[in-house]
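Welcome, and please open your viewer. We will hop from one side chain to the next, selecting as we go.

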Amino acid sequence: MSTRPSRRQFLQAAVAAGTTLPMAGEWTATTEAAEKKSANEKLNLAVIGVAGRGGSNLAGVAKENIAVLCDIDSQRLGAAAKKFPRAHTTNDYRRVFDVKNLDGVVVSTPDHMHAIPVATALRNGLAVYCEKPLTHSIHECRTIARLTAERRAVTQMGNQIHNHPLNNYRRTVELVQAGTIGEIRRVHVWQGGGVRVGQRVKNATPPSHVNYDLWLGPAPHRPFHQSHFHFNWRYWWDFGGGQLADFVCHYMDLPYWALGLDYPTRILANGEKGHDGDNQCPMRMKVDYQFAAKGDRPAVHITWYHGGWKPKGAESYGKGSAVLFEGSDGRLLADYTTRKLFMAAGNEARPVKPTIRDSVGHHNEWLAAIRSGDPNTTCNFRYGAKLAECGHLGNLSYRLGKKEITWDAVAAKAVDCPEAASIIKRPYRKGWTL
C-alpha cells in the first residue's frame, strides 16, 4: 500500500491482534537478493496465505526454514504456527518484508491479492512462488513480468501439473514437437467444472478472527459473506476470474508449451450464468482464441470450453477434462496423467525419444533455482504471465458483452475498444497501489 505504518503503529496493532513478534532488532528491510546457498543450507522462506492451496504450498517447501507465516485468518494462521513454532507470524503481508535474510516468498492469497505482495517481493530482490493464475488483471500480468525480467528473479507460478511426477505433459509435448500427428492448426481444451453459486448481502459482520479489510485489499468494499470468502471468491469478478481463470493455467499450459504460443490476436467468448446466484462469473463458457503463425508453425485456433460445454464428439473420448490436438496426420488426446494417439489411416506413430528431462517436482525446481540463481524455471513468471493473460482475455471478451476482441499484444490494448481499459487495468480501492 502507499501508506506504510510506523514501527510503533505496527507493534501496537500486532499486540492487539495477538501477533507473534520477533525479538528486538530482528526487523530490517530486505533490499537485495540473498546470496546463493549451498545445497545443504536451508533457505529462509516466508509464506503468505497458509491454508487451502497455501497449505499445500507450505507443505511443498516445509523442508526449508519457514521464517514467517502470514494470514488474515488467525485460526488458519494459528494452525500453521503449531506446525512451524519457530516462525514469526503476522496477519499483515507488509510485515513479512521487514524480516531480514529472507531468500524467498510463497504467495497463496486469493487472486485479487496476488500482484501486490508479489511485486513487493520482486522489488525487494526476493525469489517468489505464486499460485496460479499469476494475477487478477492483464495490467498486473505485464507489471509482474516486467519486474521479473528486470530483476532476473527466480520465480515459479503454481500450475503444478506442469511438473507432475508422471511427466505426462512432457511426453505429450515431445510427441507434438516431434511432428507425430503432423501440422497442428486446431486444438480443443475442455474442463468440466462450473461455479459455486453465491449471494450478496447488504450488511454483515465478518468473524472476529478475520482481518477483513486486509483480505479485501485493493478490491471494492462489500459486506462480508461466506459465499465470496475462502475459496468461493473465485466466482466473483472483484476477487477472481471464474472457472476460466482457475484452470486456464493448467490446461492451456499444454498447447502453449507444445506449440510455443505467445499471445492470441483475436478472442471471442460466449457463456451463460446458468444459475440463480448473484455472482457474475459464467457457469458455462466457450472461448475461441486465434494465434498468428510463427516461424514454421502455422496459425492455430484453440477453443476453450467449461461447465459441461465440449467440442462435438468429445463424449466418445470419455474425458470430463482434456486437451485434444488435431493434426494433419492424426489426433492426440491428453489430460493431467494420460495421453492417447489416434493416427489417420495410412500413418504410423513412431517412437519418440525423450528430449525434456523428467521433473524434480514443482516446488523443488523453484528451491533448486534459488540456490543456483538460475531464473529459468519452467513456469517462471514471464511464462506464467502469458498463461494468465490468456484467461483474462477470454473473460474480457465475455464481460464486454461477448464481443470479439482484436488484441494488440505489444500495447496490451484491445483495438478500437476503449471500454476495455477499466478491465485491463482494474481500479484499486483507495490507499492501495501496485
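Start by selecting Arg142 and Tyr263: Arg142 lies over the face of Tyr263, 4.7 Å from the ring centre. Keep in mind that this is a predicted model. For a second example with a charge, pick Lys132 and Phe247, where the charged end of Lys132 sits over the ring, 5.8 Å from its centre.

Next, go to Trp215 and Phe239. Their ring centres are 4.9 Å apart and their planes are at 55°, so the pair is tilted. This pair links distant parts of the chain: Trp215 is in helix H8 (residues 212-216), while Phe239 is in the loop between H8 and helix H9 (242-251), 24 residues apart. Both Trp215 and Phe239 are buried.

Last stop, the cysteines. How many disulfides does the count come to? It comes to zero. Select Cys130: the nearest cysteine sulfur, that of Cys249, is 9.9 Å away. Cys130 is buried, with a relative accessible area of 0%. Then show Cys417, which has its closest cysteine sulfur in Cys390, 18 Å away and too far for a bond. Cys417 also counts as buried, at 7% relative accessibility.

Methods
Residues numbered from 1 in each chain as written. Predicted model: local features only at pLDDT ≥ 70, side-chain atom pairs only at ≥ 80, totals over all residues. Heavy atoms only, no water. Disulfide = S-S within 2.5 Å. Buried < 20%, exposed > 50% of the residue type's maximum accessible area, 1.4 Å probe, protein only. Phe/Tyr/Trp six-rings, centres within 6.5 Å; stacked < 30°, edge-to-face > 60°. Helix = DSSP H or I, 4+ residues; strand = E, 2+ residues; numbered from the N terminus. Lys NZ or Arg CZ within 6 Å of the ring centre and 35° of its normal.
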